[in-house]
Amino acid sequence: MNKVISSPDPLQRNIKTIVNASLPRRHAAERRFRWYGLIAVSLGLAFVVLMFGNIISKGYPAFWQTYIQVPIQFDPAVIDPQGNRDPQALQSADYAALVRAGMRRMFPAVEGRLELRALYGLVSSDGALELQNRVLQNPELIGAEQEIWLLASANVDTLIKGNIERSLDETERPIKDNQIGWVDQLQAAGQIEKQFNTILFSSGDSREPEQAGIRGALMGSFYTLLITFLLSFPIGVATAVYLEEFAPKNRWTDLIEVNINNLAAVPSIVFGLLGLAVFINFFGLPRSAPLVGGLVLSLMTLPVIIIAGRAALTSVPPSIREAALGVGASKLQMVGHHVLPLAMPGMLTGSIIGMARALGESAPLLMIGMVAFIVDVPKSFTDPATVLPVQIFLWSDLPERAFVERTSAAIMVLLAFMIVMNGLAIILRKRFERRW
Amino acid sequence: MLKQKLALAVAATLTLAGVAHAQSARDYISIVGSSTVYPFTTTVAEQFGKANASFKTPKVESTGTGGGFKLFCGGVGVQHPDVSNASRAIKKSEIESCAKNGVTDIVEINIGFDGIVVASSKKTKPMPLTIKDLWLALAKEVPEPGTGKLVANPFKTWQEVNPELPAKKIEVLGPPPTSGTRDAFVELVMDHGCKEFATIKELEKTDEKKAKAVCQTIREDGVFIEAGENDNLIVQKLVANPNALGIFGFSFLEENLDKIQGETINGVTPNFENIADGKYPVSRPLFIYVKKAHVGVIPGIKEFIAEFTSEKAVGDDGYLSKKGLIPLPDAKRKQVAADAKNLKTMTP
């Protein structure tokens, strides 16, 4: 060795010079590759930030809603002219008249039919329902006088949030000069306030933006996904176990494998058509029901779960199987007691990712009638329902300006669910994954 | 263990299916059809649900006019819808397919008008258009100036179409062929625009089919851009591109008057009054169709029709006019309400 260092032979030196000469080029190539990678990652991140930024900046105002404080006199002559507190009469009384009277008391100078209509237009038509509920819950209110925060109309809400340009000509904005004057007066008197928008989470769809909520769509998504999970998880796991552990390896199982992989890539609308033909037309299940939606989505999720399940099973080392069989376990015991529990975290991860995909799916539901306007919150698997992505699609197509922020808010809720589900998948993998 | 699970899953499915079957007697009205009528029908459905505590709120699906009739004509029975929205009158072929499936007594209700507007960004100067200009700019084949021979549309700017218009590139965003708005645009603008040319009038005498095709075919060289069914998207694209014109329903113009302007057509501005008077040339009637056999079987249909034809809804100051529906003239409205009340069916 000493000899080599002290007197390097010409061949050695030659190699060294060649290597040294190529070094800068190789280093440059490596640096370039790192840069490409970095640029690719930052480009991807930039798009994500852009998307989130756009949605959040548009959507966050929807979580607040403008209310107007109106002095309401629960006039017995209007609510209960007979004076016998008959629930039927209380139910059908003209509560809108109370709201109108309250508005007039705040602005006694307003006169004329058109002016009054504009004034009443400041509060949402939901006000009457709110008063009705209060009276039905507490009939003592009749005859009393109270300052009540009533829901403002969508136009007032949009104005307060600064989304209507005041400098525009009156004909070009949905809210008129006199209305802006009243709103400014109310604001100066502290009778306008933004509160957390509970309606968004507590009510179903509505054509009045200020009364529209995603509760119906959330419950629809819940029922649909429950069906999807109950069907696709057991069947998917059973299929994966059979194909991986029990089935003989021959041409038939190869064919099945190819088909399953194919199914995972079939466009989802095809499953919708299948659902329409089989579940609704042949079996006569009801249209627009989460039951049918869940069946269709489980067809779509099954291949994903099977493929993830098989991958999880193959990652369990053969030594575990051999050890179990070696101490006398049957094949079913080997799978049930050892292989399946070890593969479960991987299978759950795959299922959660499949479910997240099902949660965001809307195309197949189009065919089975879940793209619909549904006000009542669904209470069972067969009630007509819609799901969150479909609600987003429907709201994005409506002319009213105030639906823009609600669309973005619904997207934020959907994204939050996606993040939670995908995060759960990562946590499961990190916590329970075994390295062999 | 696996077998148990499987058996359980199968059992669960069967029970659920059984439950579904038992509940198939429907207690809410099911409505399908046009996405143009959807914003109006949903508003009525919601009001109806709120006003009548004894009935459930109807379910309204947005399937498109053609898709709606396909479902509506599927047959009589609770699994088929009761009402279909349409942005055009029912076709003869659809009536026939209905009859084939036993759907014979159909009540047609004209609920009002919808204007179709050609709009542009407020950032540009308005262009006074005529139906003739629009046809010349958008048809696939036009008569060559001078000879009158049909040639592929050579026009690139509005000035080439009509010397009085600005030298702006022709760029029009419109709905795809599946849309009812597109059908109505073709019928009201393209069909009328082409009749102003002698060549086409002559062609009509010799080869009616060819003439119709020449009139109705919209050019495919990238000047007319199909922008999808979502009208909000077209509005956004117009704001971003001041050179483009967009074609969509009047209610979207009304909601976005701060960003876009409706172009005058044949000198008439698209606004509420002009469409209601019938002065504005591009407006179409909107309908709902009701299956008479379901009245009395599904609760609330009669009451729903009454709500839809009431002054409160479709009147001059009704809540639908606030949503952009153009009401029928007074006399016609009374007639429609009376016919609807008596469930007067269409005469085949």
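This report describes two interfaces in a predicted model.

## Basis

Local features in this predicted model need pLDDT of at least 70 and side-chain atom pairs pLDDT 80 or more, while totals for chains, interfaces and linings use all residues. Residues are numbered from 1 along each chain as its sequence is written, chains are lettered from A in the order in which they are written, and side-chain values use heavy atoms, without hydrogens and water.

## Between the domains of chain B

Chain B is assigned domain 1 (27–114 + 284–341) and domain 2 (115–283); such bounds come from an automatic or database domain assignment. Their contact (heavy atoms within 4.5 Å) takes 13 residues from domain 1 of chain B and 17 residues from domain 2 of chain B.

The two domains of chain B bury about 1,000 Å² between them, buried area being the accessible area (1.4 Å probe) that two parts lose on being put together, summed over both. On the domain 1 side, Asp114(B), Arg284(B) and Ile326(B) lose the most area, together 54% of what that side buries.

## Between the chains

Chain B and chain A each bring 40 residues to their contact. About 3,900 Å² is buried there, with 54% on carbon and sulfur atoms. Six salt bridges are found across this interface. Arg113(A) and Asp317(B) form a salt bridge through their side chains, at 2.8 Å from N to O.

Technical notes:
Salt bridge = Lys/Arg side-chain N within 4 Å of Asp/Glu carboxyl O.
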